[in-house]
Amino acid sequence: MLNQLTSSAAASGGRPMVSASGLPAVPASAVDEAYEGLREALVALPPQSSPGLSVIGALKEVWSKARAHARELNRTRGGRASGEYLAGAADRILRVLLDYAGEKVGARAGTPGVALLALGSYGRREFAPFSDWDLLILHSGTQSDLSAEGEARLEALVGALLRSLWDAGMHLGHAVRTPSECIAAMQDGAAEANALETATALLEARYVAGDSVLANLFLKKDLEEFFKHRGKSFVEAKLEEAIARHRRQGTSVYQTQPNLKESPGALRDYQLSLWIDRAAQLSGHLPRMAKRPLVSQEAIEEATRGYERILGFRTALHSIAGRKQDVLDYKTQQSLSEELGLYGTEELRGSEVLLREYFRAATAIYRLADSVIRRYREEQAVARRDIERLRRRPVDADFTRVGDYLYAARPALFAGEDWLELALGAYMHAARLGIRVSQEVGAGIREQLPRMSDETRRRPEAARRFLELLARRNGVFYALRSMRDIGLLGEYFHEFAEIQGLVIQDVFHDFSVDEHTLFVCEKVDRYYDSSESNDRFRRAVLDRLKKPEILRLACLCHDLGKSRGGPGHSKRGALMVPLICERLGLSAADTKTLIFLVEHHLLLSRTSSRRDPGEGGLLQELAQKIGTRERLDLLYLLTCADSMAVGSGSFPNWKDELLAELYRRVDEFLGPAAAEAAEAAQTAKESDAPPLDQQLLATATDEAERTAIREHCERVPPRYLVEASGEEARLHLDLIKAMRDQKREAAAAVRGTGGLVDLWVVSTDRPRRFSQIAGAFLASGVNIVSAIAYTRSDGIILDHFRVSLGQDFGVAESEADESWWGRVGEEITNTLNGGLDVRAKIEAARRRIPRAPQITRKIEAEVRIDNKLSSRYTVVDVACGDRIGVLYGLSRALGDIGCDIHFAKIDTQQGLATFVYYVSEIGGGQILDAEKAHNIKLLLKAVADDFQTARR
């Protein structure tokens, strides 16, 4: 029985989903000459001899030239033609080898009782240059029926057929089975995964050579009989397999390094549609499918074009890699774009043009797979008379709900002038009810998209419905994503169309700009529903927003500036906002707020990761720039959502805590009333609380302790007396006493448990002391988040570190209890006191880290030096690829060149590390000498670059 999708495409003149054409003619070329060389090498073999170097060399020659010709075909005619050509070349090789093997074992012409079947991509005639040769050697007798002589002959035939292929370096996947053994393997309950894989392979098996009668009986009778009884369970298993695959690969089509076979919207999803349709047709368990198409002809043709495009990508990727490779990673994207003739423009690099093409193709495939699955489920409901799933419930005069889908209540619903308002209303209903828009409604909207105009976009009722959708508490992400996927969001919000499928190749983002933007909206949805502790705080901030639609608009607009290329996307995006607000009818005040949010959406994250919040008037400066508490609330929520949506592992708990802490501290300075209250509270605190020395003296038990307190307060820098609490100062005194009593050079203490703690290190002043401490932390598997140092006049250093768990060391937050952190503190102390070899510990730590790099390309290090951010210190900002030990190397280099490190902040994200040091000359003062500043830049860049190429 013809597959419905295939026959539907062929009937309308479209290219079938799986080629049913005959064997393509191999041109008279160098490939033919090499093929004849193989035949001659086999003919020239002496009797009873095995293939030697001449045959192996001829095999390599013919396959190498076939690959080269397939590569050229891919460039000129695409992946389908290339795959068919390679499959044909492989067929020819196998036929001549089977003839040779048959002659060798004395079989009659045509090797009766033995047939070769091609499976997998080879069976589909979609052979990529380094695909596996998946073969079934089908024979007619079970092992019990074969005599010892017959069994030996079969074994000899298989060996003669395959040995020379193995020796020539072909990647073979093969099985030797009878028809009954194939059926048994497909229904093996003890090995369900293998059974499903076998059934999938055999569903698209293709005869290549040998006994054609045996092959046809198996393919047309045994196999179809199996799927007639097992087709339903096969489809259900394939659907479960697809869910698991998407869970592994991620749920997004718009990944910046997609797997061309396994990612959502990649080749497997197209093949899934084919498998579902064919198995369901063969089983006959959904009777209406014989007359009712699963999907529209347009959807099939669009997805088929996308599928063939990705086949071409895969063929080209194999060709330039010289091996089997299916992940389109950063290293290969530019080379692949050149291979396929996709060159850059003024605004986009060739690799970015390539990914846009891929996303367009993958979206069509994903849409097809989704439609096939949804229609299959609908047909299931009809077949089993699932009344609840099929019950119609009116939503309003225009829409009705059937099960989990929204349908039009009347024919030609979108034919009128108000089609846009109805379309936006459909997604509003879907978000409100927690259901999806049906295929019919989606298709009706897509038909109207060519009618979109500026006048249509400016209709007040359309704006009202769009803003009403954005103001909802949940369901917004799924509505917006569905609108994006059918093309409505890009047509209505046309600025969004400019970032669709756009990939900016930085190390931060795992997804295209539009997908990241929608994920930002998803995080806001999550804040409304989440019960996690950090989300509860955000939920409280979210609940007091007067206009949540402004937050969602900020989410949609924050990265629009990336469509214009070059740096400064925040400012460019802000320039696009006024026209958007005018079109949506927003007030002047809301427009100003949205402009501010887009222009400054990186303000809080950069401040929390790169600045010292205790420095001078930083917090007051932030409060003045933000202006109102409402803006702070919006900016904080946007920053959290943006940071979380970047990619996996981009926003660990310690970053979340730092951002929340910054929010609270800025909040104290906002508004006249808040400023007055903060000032009054500070005044009360200063008047009520005695000076630090008096607080400490009140706790002293003897004269020696009182003397130590006075000396301590006289020797610490002035900022310490303001910033340190009485509890912290008491801890420092205890550590200094312990250090002296034990005649050691350092002592440490930890406060807190979990993923982010405070750790104090008291030590004697030594050259490169900060770098030693950084090395000790690295050796213990701990990341430094921020650091601040107070140096007493007698040379004792009080270092305050905020540290987090090192993700690569595999320690869970639940394991990081008081005793675990206590051991870390002891290791730090022992290392600084010379009890442990810090370099040996660092090397041991490196060996514990997985060798797989976090990024797949080198990042050029950047070093900036600034004397304006701080009035007392020079700020040194280093950005480079994250490598084990790079913090230690940079800190040591600063010590070597004569800089004191007073404060440091470290941030790692998606393979990029940023290190911000507040440094001074030895003895104090900014680094004002231009030559020294230049030398610092050169040294730090050299150190960072060295770590990029050094072995782990």
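Student: Which helix is Cys713 in?
Tutor: Cys713 sits in helix α33, which covers residues 703-715. Keep in mind that this is a predicted model.
Student: And is Cys713 buried or exposed?
Tutor: Cys713 counts as buried, because its relative accessibility is 12% and the cut-off for buried is under 20%.
Student: What does Cys713 touch, leaving aside neighbours within four places in sequence?
Tutor: With those set aside, Cys713 is in contact with Asp693, Leu696 and Leu721.
Student: How far is the C-alpha atom of Cys713 from that of Ala729?
Tutor: Those two C-alpha atoms are separated by 9.2 Å, and the residues are 16 apart along the chain.
Student: Now Thr363. Where is that one?
Tutor: Thr363 belongs to helix α13, residues 350-383. Its relative accessibility is 12%, so Thr363 counts as buried.
Student: Which residues does Thr363 touch, not counting those up to four places away in sequence?
Tutor: Val253, Tyr254 and Asp485.
Student: Let's switch to helix packing. How do α25 and α26 cross?
Tutor: The axes of α25 (residues 569-584) and α26 (residues 588-599) come within 8 Å and cross at roughly 160 degrees. That angle is why α25 is roughly antiparallel to α26. The crossing is right-handed.
Student: Which residues meet there?
Tutor: From α25, Ser570, Lys571, Gly573, Ala574, Val577, Pro578 and Cys581 take part, and they meet Thr591, Leu594, Ile595, Val598 and Glu599 of α26. By class, the contact has seven nonpolar, three polar and two charged residues.
Student: What about α3 and α4, how do their axes cross?
Tutor: Helix α3 spans residues 53-77 and helix α4 residues 79-105; their axes come within 7 Å and cross at roughly 160 degrees. The two helices are therefore roughly antiparallel to each other. Their crossing is right-handed.
Student: Which residues make the contact?
Tutor: On the α3 side they include Leu59, Val62, Trp63 and Leu73, and on the α4 side they include Tyr85, Leu86 and Ile93. The contact of α3 with α4 divides into 12 nonpolar, four polar and two charged residues.
Student: OK, new topic: the largest nonpolar core. Which residues touch the most other members?
Tutor: Phe218, Phe466, Leu480 and Leu488 do, in a core of 158 residues. Leaving out residues up to four places away in sequence, Phe466 touches Leu424, Leu480, Met483, Leu489, Tyr492, Phe493, Leu553, Leu556 and Leu584.
Student: What is in the second core?
Tutor: It is separate and has 49 residues, among them Ala87, Trp133, Leu154 and Leu162.
Student: How many residues of helix α39 are buried?
Tutor: Eight of the 11 residues in α39 (residues 886-896) are buried, so that helix is mostly covered. Val886, Leu887, Tyr888 and Leu894 are among the buried ones. Just after α39, Gly898 takes a positive phi of about 90 degrees.
Student: Last one, the whole protein. How many helices and strands are there?
Tutor: There are 40 helices and 16 strands. Buried residues make up 55% of the 952 residues. Among contacts between residues at least 6 apart in sequence, 72% join residues at least 24 apart.

Methods. Residues numbered from 1 in each chain as written. Predicted model: local features only at pLDDT ≥ 70, side-chain atom pairs only at ≥ 80, totals over all residues. Heavy atoms only, no water. Axes fitted to C-alpha atoms, helices over the stretch in contact; angles between N-to-C directions. Helix = DSSP H or I, 4+ residues; strand = E, 2+ residues; numbered from the N terminus. Parallel < 35°, antiparallel > 145°, perpendicular 65-115°, else oblique. Left-handed = near helix turned anticlockwise from the far one by under 90°. Contact = heavy atoms within 4.5 Å. Nonpolar A, V, L, I, M, F, W, Y, C, P; charged D, E, K, R; others polar. Core = buried A, V, L, I, M, F, W, Y, C linked by side-chain atoms within 4.5 Å. Buried < 20%, exposed > 50% of the residue type's maximum accessible area, 1.4 Å probe, protein only.
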